Amino acid sequence: MFVLTGSTGGIGSVVLQTILDKNLIPVSQLRISSYNTSGIAPSIINTGIQIRKGNLYEPSTLRDSYDGADVLFLVSFPSMGEERFTLHRNAIDAAKAVGVQHVIYTSLSFCGGAEGNTSVAQVAQAHLKTEAYIKRSGLTYTILRMASYAHLWNNYAGFLDLSSDPKKTLEAVLPNDGVEHWASRADLGEATAHVVANWQEHINKTLNLAGPELLTGAEIVAKFTKHTGRKVNVRVMPVQEAIQWHIQNGSVPLEQAGFLDNWASWHTAIAQGEKAFLDPLLETLLGRKPKSIDEQADEIFVPSNELDTKDLVGI
């Protein structure tokens with residue numbers, strides 16, 4: 001029995017849909033664990049899949065939700081606050097308590113390189129702690145280190161106001177820059193579904209879904225300019241100067257300005273080469289070339305691709 005979490009989210013929903021569409025796992029062997037069971041689409045419910053309430057803040061619900069399962073697919077909690085690791089630990093402890101054998105965890109590729117286990121990026125710390133906790137738990141595991149999501153390019157590029165007057169020149173202010181790998185979230189979810197279905201081929205492995213291309217922040221902005229015709233001035237500043245510029249210019253809501261230190265640490269990690277590598281595994285799992293930034297341009301470079309800052313509260 002497989003328990004899938006995050007099934008209403010960006011990665012988890014693609015994993016679930018791919019499993020169903022490609023018949024990778026019999027529905028009778030699937031269970032959804034969700035804190036928001038009312039948010040599950042009728043089309044999913046109508047498959048007859050098991051659905052149980054599982055709230056990371058309420059460990060007792062997790063034990064009930066995971067009971068009888070062999071494999072837990074644990075999608076990382078969508079926050080960069082301090083509770084992230086605590087909630088992951090709740091899930092891992094509950095899984096172990098009810099006899100789950102294997103955990104598949106979605107991590108990030110901010111880890112000091114292809115085989116690294118440290119990072120200067122603040123966003124990576126809860127992931128690294130979770131990875132270490134899983135390895136100490138006695139459970140077998142598969143850790144998936146995900147590439148940067150292409151649709152979030154603007155978070156890296158400095159929070160450009162894409163809905164502003166098209167004639168206005170935009171300012172992309174970066175604290176450091178360097179090459180990193182980018183991928184479509186849909187491609188990452190599809191590839192992950194194949195890992196979940198074939199988990200026994202990946203026992204106690206850390207996999208890098210790092211591809212298909214290496215680009216700097218400035219290079220992605222240049223692609224945005226080419227695709228839209230909008231003018232953008234790209235400036236790379238020292239970290240504290242860049243942070244102050246974004247505070248003074250209201251790049252994020254004032255109550256979330258504390259996030260900028262976290263954000264700047266991503267760029268420091270990138271500049272130090274933490275994400276300067278590719279891996280063929282994503283293409284292998286997909287059985288085709290993953291989508292490049294250019295192939296996603298019509299989706300990611302439009303004004304409707306707004307910044308999502310809800311997870312920046314409390315940083």
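**Notebook: histidine 246 and its chain**

I started at histidine 246, which sits in helix H9, residues 239–248. Helices here are DSSP runs of H or I with at least four residues, strands are runs of E with at least two, and both are numbered from the N terminus.

A note to myself on the source: this is a predicted model, where local features need pLDDT of at least 70, side-chain atom pairs count only at pLDDT 80 or more, and totals for chains, interfaces and linings use all residues. Residues are numbered from 1 along each chain as its sequence is written, and side-chain values use heavy atoms, with hydrogens and water left out.

Is histidine 246 buried or exposed? I found a relative accessible area of 1%, so histidine 246 is buried (under 20% is buried, over 50% exposed, partly exposed in between, with a 1.4 Å probe and protein chains only).

Next I looked up what histidine 246 touches: Gly158, Phe159, Val173, Ser251, Leu260 and Trp263, leaving aside residues up to four places away in sequence. Contact means heavy atoms within 4.5 Å.

Then I turned to the record. UniProt, in an unreviewed entry, places "domain: NmrA-like" at residues 4–255; such annotations may be inferred rather than shown by experiment. I get 36% helix and 21% strand for that span, with its end C-alpha atoms 34 Å apart.

Last, I checked the whole protein chain. I count 12 helices and 12 strands, and 53% of the 315 residues are buried. Among contacts between residues at least 6 apart in sequence, 76% join residues at least 24 apart. The C-alpha atoms fill a box of roughly 55 × 35 × 35 Å along the principal axes.
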